[in-house]
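Please have the structure open as you read.

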Amino acid sequence: MGAAEHDRFEELVRRHHRRLRRAVAGIVGDPSRVDDVLQEAYLKAYRKLPRRFANEAHEAVWLMRVVHR
């Protein structure tokens, strides 16, 4: 992945981190596991980053799907 994709992913994480963190906390229920689960979700998302999104709402939906898997 090139620098542009890396920068785009960083922005994606910044934009949605709070929402994802709350979602993960609700899913796993164990506060001590939240960071590990979130990190794994970010790694999966980075590897599967689509070339582009139609809009910001699609970004959030896609990230939530990654978290749930």
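Arginine 21 and aspartate 35 form a salt bridge, with their closest N and O atoms 2.6 Å apart. The pair ties together distant parts of the chain: arginine 21 belongs to helix α1 and aspartate 35 to helix α2, 14 residues apart. The model is predicted.

Both partners are partly exposed. Arginine 21 has a relative accessible area of 32%, and aspartate 35 has 46%. Beyond its neighbours within four places in sequence, arginine 21 is in contact with Val34, Asp35 and Leu38. The C-alpha atoms of arginine 21 and valine 34 are separated by 7.3 Å, and the two residues are 13 apart along the chain.

The structure holds 4 salt bridges. Glutamate 11 takes part in a bridge with arginine 14, where the closest N and O atoms are 3.3 Å apart. Glutamate 11 also pairs with arginine 15, again with a closest N and O separation of 3.3 Å. Arginine 14 sits 3 residues from glutamate 11 in helix α1, about one turn of the helix. Arginine 15 sits 4 residues from glutamate 11, also about one turn. An α-helix has 3.6 residues a turn, so residues three or four places apart point the same way.

A network of salt bridges links Glu10, Glu11, Arg14 and Arg15. Arginine 14 is exposed, at 55% relative accessible area. Arginine 15 is partly exposed at 33%, and glutamate 11 is partly exposed at 31%.

## The kink in α1

Helix α1 covers residues 3-28. A straight helix of 26 residues would span 38 Å, but α1 spans only 33 Å between its end C-alpha atoms. A kink of about 60° is centred on histidine 16. His16 is also among the buried residues of α1, which include Phe9, Leu12 and Leu20. Just after α1, glycine 29 takes a positive phi of about 75°.

Helix α2 runs over residues 34-47 and reaches 20 Å from its first C-alpha to its last, close to the 20 Å expected. Its buried residues are Val34, Leu38, Ala41, Tyr42 and Ala45. Seen down the axis of α2, these buried residues fall within an arc of 100°, so they line one face of the helix. On the other side of α2, Asp36, Gln39 and Arg47 are exposed.

## Confidence

The chain has a mean pLDDT of 84, and 87% of its residues reach 70 or more. Among the elements, α2 has the highest mean pLDDT (89) and α3 (residues 56-68) the lowest (78). Where pLDDT is low, the predicted coordinates should not be read in detail.

Notes: Residues numbered from 1 in each chain as written. Predicted model: local features only at pLDDT ≥ 70, side-chain atom pairs only at ≥ 80, totals over all residues. Heavy atoms only, no water. Helix = DSSP H or I, 4+ residues; strand = E, 2+ residues; numbered from the N terminus. Expected span 1.5 Å × (residues − 1). Buried < 20%, exposed > 50% of the residue type's maximum accessible area, 1.4 Å probe, protein only. Arc of directions from axis to C-beta. Contact = heavy atoms within 4.5 Å. Bend = angle between axes of the 7 residues up to and from the residue. pLDDT = per-residue confidence, 0-100. Salt bridge = Lys/Arg side-chain N within 4 Å of Asp/Glu carboxyl O.
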